[in-house]
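Take a look at the model before reading on.

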Amino acid sequence: MKPGFLDKLIERIGRVGPEDVQTYLARLAREKGFLETIFNAIQEGVIVTEPGGTITYVNQAACRLFGFAREDCIGRLISDRLRGLNWDEVAGGAEKVISRDMEVFYPDNRILNFYVVPLQGETETDAHETATFVIGYAVILRDITENRRSAEQTLESERLSALTLLAAGVAHEIGNPLNSLHIHMQLLERRLRKLPEEARLPLQESIEVAKEEITRLDSIINQFLRAIRPTPLETRPEDINRIVQESVSFLEAEIADRNTIVEQELRSDLPLLEVDRNQLKQAVYNVIKNAFQAMKTGGILRIRTDRDDTHVSISFADTGGGVSPDNMGNLFQPYFTTKAQGSGLGLLIVRRIVRAHGGEIDLVSTEGVGLTLTIRLPFRDNRVRLLGPGGAEATAD
């Protein structure tokens, strides 16, 4: 390897005159500044540590990924700055390169891949042989959030395709017998009317129970089909606030029965959005019902609408105790529920409807406090953005 400027300087250090020291130091500063510029320009995070894990260098990308300032890192142990990282486990020695994935929750929820590379130095032994030793470690961090989400969406799409095929068979095989049972229940009721009251009442109660169970099974099948069957959107300009208000009004009786407080903070200057009114009302209704099931009697549900430059948002903050980190990733799985009366299909239906509108869902949970679900819907004219020459954003007069 061609020796660098620093290597040459060390070889000649004994012959450097006092008048040349300033020149050499200036050149060293330029080379250090050049390398610093390069490391700060790359998108991957870079952290350099001593063998024991004390941070000696961190670039701007790493600071952005973890939300800390550079001056708060230098001279501190990496395990102190990255809570949950077992440094003794990932610093594997002089020849072992460790690669792992980690999930970061602050400042943004991201999935990072990192690998730890030992930095080796050389020394000459008494036998005039060269020995290597670890002088530190380089930790390289790469944001793989989008790749992970893309893989999850592909897996979910394949899973839903399989469920769609299964649903068609289930609906056919179960739906027809249920209709037949319902008809025969009606025939039995007609015959019961001819019996004396003392003989009719016990049988009538049994028939009512059977009819209720048939209705419940039919409802489950319909929910399942709505959750996975694509439904074409019938869009028109709609007032999002009005959709929220109508959904809350529809549930007034249940709100009163549960002694629940529903607070609405609806922004007045929202633009009209091109949405399917019925499907979006179904999504809002399901979110509210889900919040009610999570809260005890006397809970508070805060519904807020807002906007930014590209999206209108509807957030639902409940006081239902939140969801544990272990269960957060399962909330959109079919039939997964943490509630005694939940079907496990409500949020799946909500996500399907929101994604059909080009939107997205954000979840923030504080265990023991509550959960906030936010639906973000794009403006119709901002779903596609033209780029001008060179990739610059095109503007229209």
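Let's start with a helix pair: Ile240, Arg242, Ile243, Glu246, Ser247, Val248 and Phe250 in α8 meet Arg277, Leu280, Lys281, Val284, Tyr285 and Ile288 in α10. Sorted by type, the residues of this contact come out as eight nonpolar, one polar and four charged. Here Ala, Val, Leu, Ile, Met, Phe, Trp, Tyr, Cys and Pro go down as nonpolar, Asp, Glu, Lys and Arg as charged, and the others, Gly among them, as polar. Contact means heavy atoms within 4.5 Å. Helices (H or I, at least four residues) and strands (E, at least two) are DSSP runs, numbered from the N terminus.

As for geometry, the axes of α8 (residues 240-250) and α10 (residues 277-294) come within 9 Å and cross at roughly 55°. The axes are lines fitted to C-alpha atoms, for helices over the stretch in contact, with angles running from 0 to 180 degrees between N-to-C directions. α8 and α10 are therefore oblique to each other; angles under 35 degrees count as roughly parallel, over 145 as roughly antiparallel, 65 to 115 as roughly perpendicular, and the rest as oblique. The crossing of α8 and α10 is right-handed, the label used if the near helix is turned clockwise from the far one by less than a right angle, with left-handed for anticlockwise.

## Where the numbers come from

This is a predicted model, so local features need pLDDT of at least 70 and side-chain atom pairs count only at pLDDT 80 or more, while totals for chains, interfaces and linings use all residues. Residues are numbered from 1 along each chain as its sequence is written, and side-chain values use heavy atoms, with hydrogens and water left out.

## The chain as a whole

Zooming out, the chain's secondary structure comes to twelve helices and twelve strands. Of its 397 residues, 32% count as buried, where buried means under 20% relative accessible area, exposed over 50%, and partly exposed in between (1.4 Å probe, protein chains only).

Among contacts in the chain with a separation of 6 or more, 59% come from residues 24 or more positions apart. The accessible surface is about 25,000 Å², and 51% of that belongs to carbon and sulfur atoms. Those areas come from the Shrake-Rupley method with a 1.4 Å probe; for residues, only the protein chains shown count as cover.

## Two residues in loops

Asparagine 259 sits in the loop between α9 (252-258) and β7 (261-266) and is exposed, with a relative accessible area of 53%. Its phi is near 55°, a positive value in a residue other than glycine. Leaving out neighbours within four places in sequence, asparagine 259 touches Thr297, Gly298 and Gly299.

Leucine 77 belongs to the loop between α3 (60-66) and α4 (78-81). At 35% relative accessibility, leucine 77 is partly exposed. With neighbours within four places set aside, leucine 77 is in contact with Gly52, Gly53 and Thr54. From leucine 77 to isoleucine 55, C-alpha to C-alpha, the distance is 6.0 Å, across 22 residues of sequence.

## One in a helix, one in a strand

Threonine 145 lies in helix α6 (residues 145-192) and is buried, at 2% relative accessible area. Not counting residues up to four places away, threonine 145 touches Asn109, Arg110 and Ile111.

Alanine 131 is in strand β5 (residues 130-143) and counts as partly exposed, at 26% relative accessibility. The C-alpha atoms of alanine 131 and glutamine 120, eleven residues apart along the chain, are separated by 9.9 Å.
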